[in-house]
Amino acid sequence: MSRTAQNYEFQQWWNKQRHSFLDSSDDNPPSSSAAASSSSSSSSLAVDLTSSPTATTKGHHTRSARQLSWLWLLRFHKLTASVAWLTDSSISLLRTANRRISNHHRSPSAYSSSSRLNKIIRIFLILVLLLLFLELLAYRRGWHFTPPSVESAEALVERLYAKWLEIRADYLAPPLQYLANVCIVLFLIQSLDRAVLMLGCFWIKFRKLKPIPPVSYAAPDVEAAENYYPMVLVQIPMCNEREVYQQSIAAVCIQDWPRERMLVQVLDDSDDPDTQVLIKGEVQKWQQKGVQIVYRHRFVRTGYKAGNLRSAMSCDYLKDYEFVAIFDADFQPAPDFLKKTIPYFKGNDELGLVQTRWAFVNKDENLLTRLQNINLSFHFEVEQQVNGIFINFFGFNGTAGVWRIKALEDCGGWLDRTTVEDMDVAVRAHLSGWKFIYLNDVKCLCELPESYAAYKKQQHRWHSGPMQLFRLCFVDVLRSKQLSVGKKANLILLFFLLRKLILPFYSFTLFCIILPLTMFLPEAELPAWVVCYVPGLMSILNILPAPRSFPFIVPYLLFENTMSVTKFNAMISGLFRLGSSYEWIVTKKLGRSSEADLIVLAEKESDPLVLESSGIHRSSSESGLDNLNKLEASKKTVKRKRNRLYRKELSLAFILLTAAARSLLTAQGIHFYFLLFQGISFLVVGLDLIGEQVS
């Protein structure tokens, strides 16, 4: 290619760059002098660039200098814009953090429940800060390259550092390495358990194993309907569920089941008089439509949800009912839910429970709900399904399940001795010889907590309760005559110890305590495969049941380690019967699916075929859209919420970031990146920047 052709191509490219630059300059006009100078330079450059080839050749050096100056000016302009964007983002993040700190309000109960662990973490933070200062001093003096000995040290500081090296190598590193090795073994055992569960799930998919109902409720004979359809009790326990009570009651009342063979109990434990009036009015509305539904409210609200259910089961009019279906206030069963679950009890007198899968209406609402969906998808798709197929036992999820009332009575009914009454009754029924079935293809819609505060309280209850239950039923498991030795071992070693105690213990101890300490005690170390490769592989296994969530695999790994402090604190409080372990707080719901569900309900009510099949008659003055308007009006009365500040998470964030700074001094690549991103994850959670963003 000739030189003239090269210059012509460059002229075309340069004209495009110049026009784009001038357009951007018009948006942000410079000062008058700079504008005049720029205009004259641009005009002269344009004349030079559009001149003849001969002129171009003669003035080659001058034109090249001008071209390069404009090119660097364009690059500087882009760089300035990028720096401005980064600065603006950083300032916005700092302002948000400052707003979180200034608006932070911590309740006395929350402080007392975790003050012990918080104090320990603070002491640990002070320790690592002092160690980092000592290491920086050693690097400044060059002691890391030629470590001093106590005999050769001259200055007092040098002798102290030499003595610290001896104490570190002889007394501190060995026990830390021993503890790290123990946690690594526990980590590998738990990882092996996850891998075995995944293999069991693959085998189920490959062999297409699933429970088969002996009968179906397709088209029964009308004359035999009384014996064909058993008597079913449906219970909806709730407490101050202002946002979701309508959708749950409506979903249950339109069940495709004969009205005379079904009774709905709305068990309202609300202490808010306005909420009680709203729920009672909703019940009366459905009573007018011909549904057998009753409203129960306890004046003495003892025992939380377990006490509510136990009180409802003591009614005399329930003696003819054979099964009970339980739905929490935010759950919406499909109209054919009972027809898909009750048939499994026919001819199977040993079956005590049929549990269905949860499906989440707000799983894509924010990052927090996406990460919860990964965890719960693995729980239902893998854990519950594998245990249901191969062992006929799993933990009852507290809702979206059907119990044989005889099984509940045989194991002692509902007890309020723990905060996991659902797991308690399932373990006691298992000890009594009852079998369970899990239906992975029957889903019940529900809602995930969208704020970190609600999710943290839920996880605290879910991880402190099993430890309470383990202390209470350990001896009963050993003495049980209904269970084989293998099932006893599964219940104690896997169900309780490995998945409820060991998992939160090693995840918090290994990645939040031992790993930062190994940065300051380099004589003890964690291999790279423990820090990166095996956790990454386990994260891939956990995310397989929710393949659409693969882009969130790194946030999931970091967030699970971040939640380990909450789970560890809950496990310790439940195991040693600390005060916070018996704190039962209702998970806050937002009613995300209320609007859509009520509109669908209104459409169903307008369909005469649905009305005829379900036996529901719509009054002219009441409709689903009216309920929607009421729900919107009630939402406007909700108080504005505030973000919180989580001190344990913030302290651990500074610990991990300090350890990352220490690892940077020794150029430990994988450890540095893990500590850095894990520290940022703790910082984001500690400032309440994940989940629902509120004022």
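This report describes a predicted model of one protein chain, from its overall make-up to a few single residues.

## Basis of the model

Because the model is predicted, local features are given where pLDDT is at least 70 and side-chain atom pairs where it is 80 or more, while totals for chains, interfaces and linings use all residues. Residues are numbered from 1 along each chain as its sequence is written, and side-chain values use heavy atoms, with hydrogens and water left out.

## Confidence

The predictor's confidence in each residue is called pLDDT and runs from 0 to 100. Its mean over the chain is 82, and 77% of the residues reach 70 or more. Strand β6 (residues 401-404) has the highest confidence, at 98, and helix α20 (residues 608-614) the lowest, at a mean of 39. The pLDDT is below 50 over residues 594-625, a stretch with 47 contacts in the model beyond near neighbours in sequence; a contact means heavy atoms within 4.5 Å.

Residues 634-639 also have pLDDT under 50, and the model gives them six contacts beyond four places in sequence. Where pLDDT is low, the predicted coordinates should not be read in detail.

## Overall make-up

The chain has 23 helices and seven strands. Both are DSSP runs numbered from the N terminus: helices are H or I with at least four residues, and strands are E with at least two. Of the 695 residues, 50% count as buried. Buried means under 20% relative accessible area, exposed means over 50%, and partly exposed lies in between, using a 1.4 Å probe and protein chains only. Among contacts between residues at least 6 apart in sequence, 81% join residues at least 24 apart.

## Annotated transmembrane regions

An unreviewed UniProt entry carries the annotation "transmembrane region" for residues 120-139, 178-204, 491-520 and 645-664. UniProt positions are given in the numbering used here, feature names are shortened, and annotations may be inferred rather than shown by experiment.

In the model, residues 120-139 are 100% helix and 0% strand, with 29 Å between the end C-alpha atoms. Residues 491-520 are also 100% helix and 0% strand, and here the end C-alpha atoms are 40 Å apart.

Strand β1 covers residues 232-238, and seven of its seven residues are buried. In a regular strand the side chains alternate between the two faces of the sheet. In β1, V232, V234, I236 and M238 are on one side and L233, Q235 and P237 on the other, and both faces are covered.

Two strands pair if DSSP finds at least two bridges between them. β1 pairs with strand β2 (residues 262-268) in the parallel sense over seven bridges, and with strand β4 (residues 323-326) in the parallel sense over four bridges. Q235 stands opposite Q265 in β2 and opposite I326 in β4. Together with helix α8 (residues 245-253), β1 and β2 make a right-handed β-α-β unit. Right-handed means that, with the strands pointing away from the viewer, the path from the first strand over the helix to the second runs clockwise.

## Aromatic pairs

The whole structure holds 26 aromatic pairs. Rings of Phe, Tyr and Trp (its six-membered ring) pair if their centres lie within 6.5 Å; planes under 30 degrees apart count as stacked, over 60 as edge-to-face and the rest as tilted. The rings of F323 and F345 have centres 4.5 Å apart and planes at 40 degrees, so this pair is tilted. F323 lies in β4 and F345 in the loop between α11 (337-341) and β5 (351-360), so the pair ties together parts 22 residues apart in sequence. Both F323 and F345 are buried.

For F327 and F337 the centres are 5.0 Å apart and the planes at 70 degrees, so the pair is edge-to-face. F327 is in the loop between β4 and α11, and F337 is in helix α11, 10 residues apart. F327 is buried at 2% relative accessibility, and F337 is buried at 1%.

## Two buried residues

L318 sits in the loop between α10 (304-313) and β4. Why does L318 count as buried? Its relative accessibility is 7%. Leaving aside neighbours within four places in sequence, L318 is in contact with L233, L263, Q265, A312 and M313. L263 is 55 residues away along the chain, and the two C-alpha atoms are separated by 9.1 Å.

G465 is in helix α15 (residues 452-479) and is buried, with a relative accessible area of 0%. Not counting residues up to four places away, G465 touches T418, T419 and V420. G465 and T418 are 47 residues apart in sequence and 5.6 Å apart in space, C-alpha to C-alpha.
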